[in-house]
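Thanks for coming. I will take a few minutes to walk through one model, which is on the screen now.

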Amino acid sequence: MTDFLDSYAWIIWLGLILLFVVIEMFTLEFTFLMIAIGSLGGLIAGVFGAPWYIQIVVAAVLSLLLLLTLRPPLLRLLKRGGDPSRSNVDALLGLEGLVVDQVTSTGGQVKLTNGDIWTARVSPLTQSRELRRGERVLVTAIDGATAVVVPAERSTEYTEHKEGSL
């Protein structure tokens with residue numbers, strides 16, 4: 001068995017490197033990339049004639065070293081270049097809007113400052129009341145395809161001029 005491992009360890013190392021690189025392409029967190037590089041160290045140790053158990057030690061030590069030293073700075077570098085703007089539901093939270101169709105605890109419609117018209121309902125955390133057409137609202141949550149809103153502090157009456165500015 002040891003003769004087999006000594007003779008064909010390079011094939012096993014190549015297979016492991018390929019496997020770890022493919023897994024890394026799906027996870028994108030640098031863990032399996034570091035293990036693949038460690039496996040490359042095991043392969044290189046085998047090329048220089050090290051026995052299979054030394055190759056495993058070299059691969060394990062190199063992988064661990066890379067995971068503890070190189071991976072954290074790479075992750076910080078990767079996150080630094082991220083897009084800081086909010087998107088999807090997060091971008092709607094905190095948006096203001098105007099009531100287009102009377103909003104109650106069961107339904108209504110609002111036009112948000114981004115121009116979208118949403119089905120809306122009054123938040124259960126506010127006092128139970130209806131929001132009339134033209135009142136300013138603030139989106140506090142999104143429940144499915146419904147915006148949960150509360151009256152905005154600066155509630156003003158609806159005018160044609162303001163509807164055009166939304």
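Let me start with one residue. Leaving aside residues up to four places away in sequence, Ala-147 touches Trp-118, Thr-119, Ala-120, Arg-121, Val-139, Ala-141 and Ile-142. Keep in mind that this is a predicted model.

Which core does Ala-147 belong to? It is among the residues with the most contacts inside the largest nonpolar core, a set of 15 residues.

Now to E5 itself. How many of the six residues of strand E5 are buried? Five of the six, in a strand that spans residues 146-151, so E5 is largely enclosed by the rest of the structure.

Strand E3, residues 117-122, pairs with E5 in the parallel sense, over four bridges. Strand E4, residues 136-143, runs antiparallel to E5, and six bridges join the two. Ala-141 has Val-148 in E5 as its bridge partner. E4 and E5 form a hairpin with two residues between them. Gly-144, in the turn, has a positive phi of about 70°.

Stepping back to the protein, we have six helices and five strands. The order along the sequence is α-α-α-α-α-β-β-β-β-β-α. Of the 166 residues, 31% are buried. For contacts between residues at least 6 apart in sequence, 51% join residues at least 24 apart.

Last, the surface. The accessible surface is about 10,700 Å², and carbon and sulfur atoms account for 63% of that. Met-1, Phe-4, Tyr-8, Trp-10, Ile-11, Ile-12 and Leu-14 make a nonpolar surface patch of about 770 Å². Where does Leu-14 sit? Leu-14 lies in helix H1, residues 2-27. Leu-14 counts as partly exposed because its relative accessibility is 42%, and the cut-offs for that class are 20% and 50%.

That is where I will stop.

Conventions. Residues numbered from 1 in each chain as written. Predicted model: local features only at pLDDT ≥ 70, side-chain atom pairs only at ≥ 80, totals over all residues. Heavy atoms only, no water. Buried < 20%, exposed > 50% of the residue type's maximum accessible area, 1.4 Å probe, protein only. Contact = heavy atoms within 4.5 Å. Areas by Shrake-Rupley, 256 points an atom, 1.4 Å probe, with all protein chains shown as cover. Pairing = 2+ DSSP bridges. Patch = residues over 30% accessible without salt bridge, like charges linked within 9 Å, V, L, I, M, F, W, Y side chains within 5 Å. Salt bridge = Lys/Arg side-chain N within 4 Å of Asp/Glu carboxyl O. Core = buried A, V, L, I, M, F, W, Y, C linked by side-chain atoms within 4.5 Å.
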